[in-house]
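Work through the exercises below with the sequence and the model open beside you, and try each task before you read its solution.

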Amino acid sequence: MLAAAARDPQHLELIRALGLRSWMAVPVVVHQRVLGVIEFASSESGRLFEARDLAVAEEIGRRAGVVIDNARLFEMTQRERLRAEEASRAKDELLSVTSHELRTPLNAILGWSRLLRSGTLNEEKKARALETIERNARAQVKLVDDLLDFSRVVTGRLRLTLAPFDPTQVVEAAVDVVRPAAEAKGVRLQVLLDPDAGTLNGDAGRMQQVVWNLLSNAVKFTPKGGRIYVRLQREDSSVEVVVGDSGIGIEPAFLPHVFQPFRQQDATITRAHGGLGLGLAIVKHLVELHGGTIAAQSDGPGRGSTFVVRLPVAPLRATSASPGYTDAARLARARSSLSCPPELEGLRLLVCEDEPDARDLLESIFVECKATVVLAGSVSEALERFAERVPDVVISDIGMPDASGYELIRRIRALPPEEGGRVPAVALTAYASMSDRTRALMEGFQNHVAKPTEPMELLAAVAALVGRHSRG
């Protein structure tokens, strides 16, 4: 038996040297699971183990198994408690940062709005007030868009609309949007684009979002008098986009975490730069959806940073389309002047919106284009106005206190055609996900426009709807 238990001749010799007279081995067991083995041996006493000794040993094995199992459960409980506490702290920090980032632009918007209403501002101050309100409103839109995009990333619902595109045009469009901010801050912006970089297959709007985000970060973290450069070139079977700056740089210890969501190099309440820490996480996901890679480089604090995006030239496999507009495109459209589509002149529009400010804005936009606007603050009021005279188009919010826009469109679609049951309708709503759009169309709206919207986008949506209806 000793020879069978020995690992090698030396081990056998050591066992024999002990002069063992009696030996027992019992399992350490709990809930019919064997956790180990306990061995008992005697030599000097000369006493031989009996059946009662074996029963005691087996009981010791069972009790040892319970103790070990309880210790493991306690350790697991401690780990889970620590994870729960960490998750709770992270949630609290996220809510705190989100609240701060949303409230900061609101402070400027509300403050300047009150000054405008006071009527004490001169023309120069009025222009400054309007510019500040618009800038801060766009900052809020950016925060909300980042949160929505990150939600789509987490749930796997972020999709691309793939088509061939020229990467030089994408980079140029992103540069054009960022250039005014760079010039206002006194930062030099250098652009070097390879005209022979080739054509890529992907979502041009999302790739513009990638470049715009990298450039915006570069402007944010580069002090006055600094330099930002953008380079696009062909590298073998890839197209490489490099965005570098001479800004504050990145700590070596933070570089591995730079693309992690909600991670910021300076996350203290005294930080000099705002944001949720989502932009680079979204950028990384978008680049990887295109089959590419992104890397961050920095020589340390105060020595600038460089981001390198590499995209394969090989065609990509198409995914399901997801309509949407990038921040860069939205900013570019904002600079265009209001141009009224001719289809709107003379139209009678019924607008159902519970927010007075939103109603006034919509009325101003459409009256500017020589349309007649009938306003309603609730679904019941909208139905009364509808019954008085059938409008040419209905524009309705979705989320309202007493009844939703879905209820309004259901009531309208239940009417016979001669009473306006087929009138064109647009859902203008802050419920902006793909599922919200799908539901709006399924309920009976012909179009879905997400808030906040640019005036030209809304005018174009209504004009297109009127054109289709007249042709039908």
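This is a predicted model: local features need pLDDT of at least 70, side-chain atom pairs count only at pLDDT 80 or more; totals for chains, interfaces and linings use all residues.

**Exercise 1. Find which residues of helix α2 are buried and which are exposed, and say what α2 packs against.**

Step 1. Helix α2 covers residues 9-17, and within this helix H11, L12 and I15 are buried. These residues cover an arc of only 100 degrees around the axis, which puts them on the same side of α2.

Step 2. The other side of α2 carries P9, Q10, E13, L14, R16 and A17, which are exposed.

Step 3. The packing partner of the buried residues of α2 is α1, made of residues 2-5.

Step 4. Turning to the ends of the helix, a side-chain oxygen of D8 comes to within 3.2 Å of the backbone nitrogen of Q10 at the start of α2, while G19, which follows α2, has a positive phi near 65 degrees.

**Exercise 2. Describe how β1 and β2 are joined, and what happens between the strands of their hairpin.**

Step 1. Strand β1 (residues 22-30) and strand β2 (residues 33-42) run antiparallel and are joined by 9 bridges; R33 in β2 is the bridge partner of V30.

Step 2. The hairpin has 2 residues between the strands, and H31 takes a positive phi near 50 degrees there.

**Exercise 3. Give the strand order of the open sheet that has mixed pairing, name its edges, and locate the helices that pack on it.**

Step 1. The order of the 5 strands in this open sheet is β4-β6-β7-β9-β8, with mixed pairing. The edges are β4 (188-193) and β8 (293-297), and since each has a single partner strand, one side of each is left without a neighbour in the sheet. On average, and with direction ignored, neighbouring strands of this sheet are turned by 10 degrees against each other.

Step 2. At the edge formed by β8, 5 bridges join β8 to strand β9 (residues 305-312), and these two strands run antiparallel. I294 has V309 in β9 as its bridge partner.

Step 3. Helix α6 (residues 204-220) lies across β4, β6, β7, β8 and β9, and runs at about 20 degrees to β7. Helix α7 (residues 279-289) also packs on the sheet, where α7 touches β8 and β9, and its direction makes about 140 degrees with that of β8.

**Exercise 4. Identify the residues that touch the most other members of the largest nonpolar core, and the element that gives the most to this core.**

Step 1. The largest nonpolar core has 43 residues, of which V210, L214, L215, V258, F307 and V309 touch the most other members.

Step 2. Two or more residues of this core come from each of α5 (167-185), α6, β6, β7, α7, β8 and β9, and α6 gives the most, with 8 residues.

Step 3. Leaving aside residues up to four places away in sequence, V309 touches V210, L214, V239, E240, V241, V287, T293 and I294. Another core, of 22 residues, lies apart from the largest one and includes L349, L362, F366 and V373.

**Exercise 5. Give the order of the strands in the open sheet with parallel pairing, and describe how β10 and β12 are joined.**

Step 1. This open sheet has 5 strands in the order β11-β10-β12-β13-β14, and its pairing is parallel. β11 (372-376) and β14 (447-450) stand at the edges with a single partner strand each, so one side of each is left without a neighbour in the sheet.

Step 2. Strand β10 (residues 348-352) runs parallel to strand β12 (residues 393-396), and 4 bridges join them; C352 stands opposite S396 in β12. Helix α11 (residues 405-413) packs on the sheet and touches β10, β12 and β13 (425-429), with its direction at about 160 degrees to that of β12.

Technical notes
Residues are numbered from 1 along each chain as its sequence is written. Side-chain values use heavy atoms; hydrogens and water are left out. Buried means under 20% relative accessible area, exposed over 50%, partly exposed in between (1.4 Å probe, protein chains only). The arc is that of the directions from the helix axis to the C-beta atoms. Contact means heavy atoms within 4.5 Å. A polar contact is a pair of N or O atoms within 3.5 Å; within protein, one must be able to donate a hydrogen and the other to accept it, and residues adjacent in sequence count only if both atoms are side-chain atoms. Two strands pair if DSSP finds at least two bridges between them. Axes are lines fitted to C-alpha atoms, for helices over the stretch in contact, and angles run from 0 to 180 degrees between N-to-C directions. A nonpolar core is a set of buried Ala, Val, Leu, Ile, Met, Phe, Trp, Tyr and Cys residues joined through side-chain atoms within 4.5 Å.
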